[in-house]
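Subject: Structure for you to look at

Hello,

Here is the structure I promised. Please open it, then read my notes below.

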Amino acid sequence: NHTLLTEFVLSGLSNHPELQNLLFFTFCLIYTFTITGNLLIFMATVHPNLHMPMYFFLRVLSFLDVSTTSVVVPKMLVNFLSVDRRISYMGCATQLYFVIFLGATECYLLAAMAYDRYVAICNPLRYAIIMNSRASLSLVLLSCGSGNVVSVVQTAWVFTLPFCGPNKINYFFCDIPPLIMLSCTDTSLYEKQIVTATVLVIFTPFCFILVSYSYIISSILKISSAEGRRKTFSTCSSHLIVVTLYYGSGTLIYLRPKSSNSQDTKKVLALIYTTIIPTLNPLIYSLRNKEVKGVLVKVIAE
């Protein structure tokens with residue numbers, strides 16, 4: 001005799017009213033920096049001097065980061081200053097779709113970027129032939145298509161579950177773990193399906209990345225010059241940093257969606273891949289890449 005829900009309420013990051021203004025200004029600053037930094041990266045990688053596939057992938061990564069943080073942060077900022085934190089049923093479903101779509105697409109894109117580095121370092125003479133513009137675009141479209149399939153299936157499955165109340169989501173955006181905890185039916189089958197999706201979206205690309213980097217490291221060690229080894233590895237280390245942070249936080253959240261881990265811990269992990277990583281990416285890729293830094297200086301100077 002329960003009434004099905006037509007809206008949800010997002011609890012946000014903190015239940016302490018005295019912290020809301022501070023959190024608003026903090027994340028407003030982070031959001032501004034994220035948008036500005038990624039737009040600069042996007043503008044820099046359009047420059048004729050950076051026409052390699054690596055920079056095309058980096059441009060797409062910047063677009064995904066801006067999109068991900070824009071799906072989550074604006075609503076979170078409004079809720080910091082509002083007593084009414086409701087989100088409609090369809091609004092919640094839409095937000096969940098885009099969070100999963102963008103997140104899954106980025107997971108596959110990071111694997112494509114690892115393959116690009118593998119070809120560049122292990123097959124440098126054939127790099128231009130293998131990683132031509134058509135191949136690069138195909139990898140991006142394949143990443144987007146795979147992310148869309150995963151997102152459609154996951155979102156449809158979550159919102160076929162009955163939600164009978166309460167309607168308060170102990171999170172700052174609509175995500176799978178807090179939503180299935182509100183369902184008034186047995187979700188054990190769905191939890192197994194999430195584990196399967198996690199393997200496909202996170203572990204499979206991650207294993208591909210590990211294989212790629214095993215070949216890359218093997219090739220780097222064969223370089224006789226210490227300076228050559230250092231320069232070659234520096235082009236890959238920034239990508240490894242992003243992979244570790246992104247895949248690690250996603251795994252801890254989705255591998256055990258109804259684990260005993262506190263929701264506060266999951267909120268922190270969710271902040272990493274929705275807010276912190278999109279902010280760090282411009283710093284990681286610009287500060288560790290002389291070509292990007294050089295073009296950025298020219299862009300800013302103009």
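Buried means under 20% relative accessible area, exposed means over 50%, and partly exposed lies in between. Keep in mind that this is a predicted model.

Start with Tyr115. Its relative accessibility is 28%, so Tyr115 counts as partly exposed. Phe208 is partly exposed as well, with a relative accessible area of 40%.

Now look at the aromatic rings. The count comes to 19 aromatic pairs. In one of them, the ring centres of Tyr115 and Phe208 are 6.4 Å apart. Their planes meet at 40 degrees, so this pair is tilted. The pair links distant parts of the chain. Tyr115 is in helix 3, Phe208 is in helix 7 (residues 188-221), and 93 residues separate them. Elsewhere, ring pairs join Phe8, Tyr89, Phe159 and Phe163 into a cluster.

Next, the cysteines. A disulfide is a covalent bond between the sulfur atoms of two cysteines. A search of the whole structure turns up 1 disulfide. Cys92 and Cys174 form it, with their sulfur atoms 2.0 Å apart. The torsion about the S-S bond is about -120 degrees, so the disulfide is left-handed. This pair also links distant parts of the chain, 82 residues apart. Cys92 sits in helix 3 (residues 89-122), and Cys174 in the loop between strand 3 (168-169) and helix 6 (176-180). Both Cys92 and Cys174 are buried.

Cys107 is buried, at 4% relative accessibility. Cys207 is partly exposed, at 42%.

Best wishes

Definitions and conventions. Residues numbered from 1 in each chain as written. Predicted model: local features only at pLDDT ≥ 70, side-chain atom pairs only at ≥ 80, totals over all residues. Heavy atoms only, no water. Disulfide = S-S within 2.5 Å. Helix = DSSP H or I, 4+ residues; strand = E, 2+ residues; numbered from the N terminus. Buried < 20%, exposed > 50% of the residue type's maximum accessible area, 1.4 Å probe, protein only. Phe/Tyr/Trp six-rings, centres within 6.5 Å; stacked < 30°, edge-to-face > 60°.
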